[in-house]
Amino acid sequence: MHKRVMDSGAAGTSPDTSAEDLMLAVEQLVRHVRRSATAGGLSTAASSALGRLGREGPQRLTELARAENATQPNMTQLVTRMERGGLVRRVADRTDGRGVLVEVTELGEEVFRERRAERAEALGQLVGELSEPERQAVRVALPALARAIQDRQQRS
């Protein structure tokens, strides 16, 4: 795929670039950027859950498990490990006295910010290695894909 992208000029893709080729590129990009985030020594699952809580705020365990596509027992174990590490805490749900929410601690927020900065740096370095037309294509394509995802989520 790399050769085809490089040969395609400013357009960023050639006519024969398939959705599968694009998916392979996205998977490589995501793996590279995820591997670059080392702060806190978190697993992929812990990093994802911490990121969700950092972006979206406190959530019930059941909501977090559903959003992270995990079983409730697995999410409970993950949250317990993160709690022991000081990254999250369980607090009473102010709107429902019986409910418990998981929220990010100050340390968890710091780790979340550090990991986000590491990922941004890794992506920035990759983009910096591209030609100017390729950099421009990335600056247009990635936000456009993010908007398409947001639009789809709002419709469902």
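Predicted model: local features only at pLDDT ≥ 70, side-chain atom pairs only at ≥ 80, totals over all residues.
Local features need pLDDT of at least 70, side-chain atom pairs count only at pLDDT 80 or more, and totals use all residues. Residues are numbered from 1 along the chain as its sequence is written, and side-chain values use heavy atoms, without hydrogens or water.

Let's start with the overall layout. The protein chain has 7 helices and 3 strands (DSSP runs numbered from the N terminus: H or I of at least four residues for helices, E of at least two for strands). From the N terminus, the order is α-α-α-β-α-α-β-β-α-α. Of the 156 residues, 28% are buried, meaning under 20% relative accessible area with a 1.4 Å probe, protein chains only.

Now look at Thr105, in the loop between strand 3 (96-104) and helix 6 (106-128). Thr105 is buried, with a relative accessible area of 9%. Leaving aside residues up to four places away in sequence, Thr105 touches Gly86, Leu87, Val88 and Arg89 (contact means heavy atoms within 4.5 Å). The side chain of Thr105 also reaches the backbone nitrogen of Gly108 at 3.0 Å.

The axes of helix 3 (residues 44-56) and helix 6, lines fitted to C-alpha atoms over the stretch in contact, come within 10 Å and cross at roughly 105 degrees. Helix 3 is therefore roughly perpendicular to helix 6, a label for angles of 65 to 115 degrees on a scale from 0 to 180 degrees between N-to-C directions. Helix 3 contributes Ser47, Leu50, Gly51, Gly54 and Arg55, while helix 6 brings Gly108, Val111, Phe112, Arg115, Arg116 and Arg119.

Notes: Buried < 20%, exposed > 50% of the residue type's maximum accessible area, 1.4 Å probe, protein only. Polar contact = N/O pair within 3.5 Å; in protein donor to acceptor, adjacent residues only side chain to side chain. Parallel < 35°, antiparallel > 145°, perpendicular 65-115°, else oblique.
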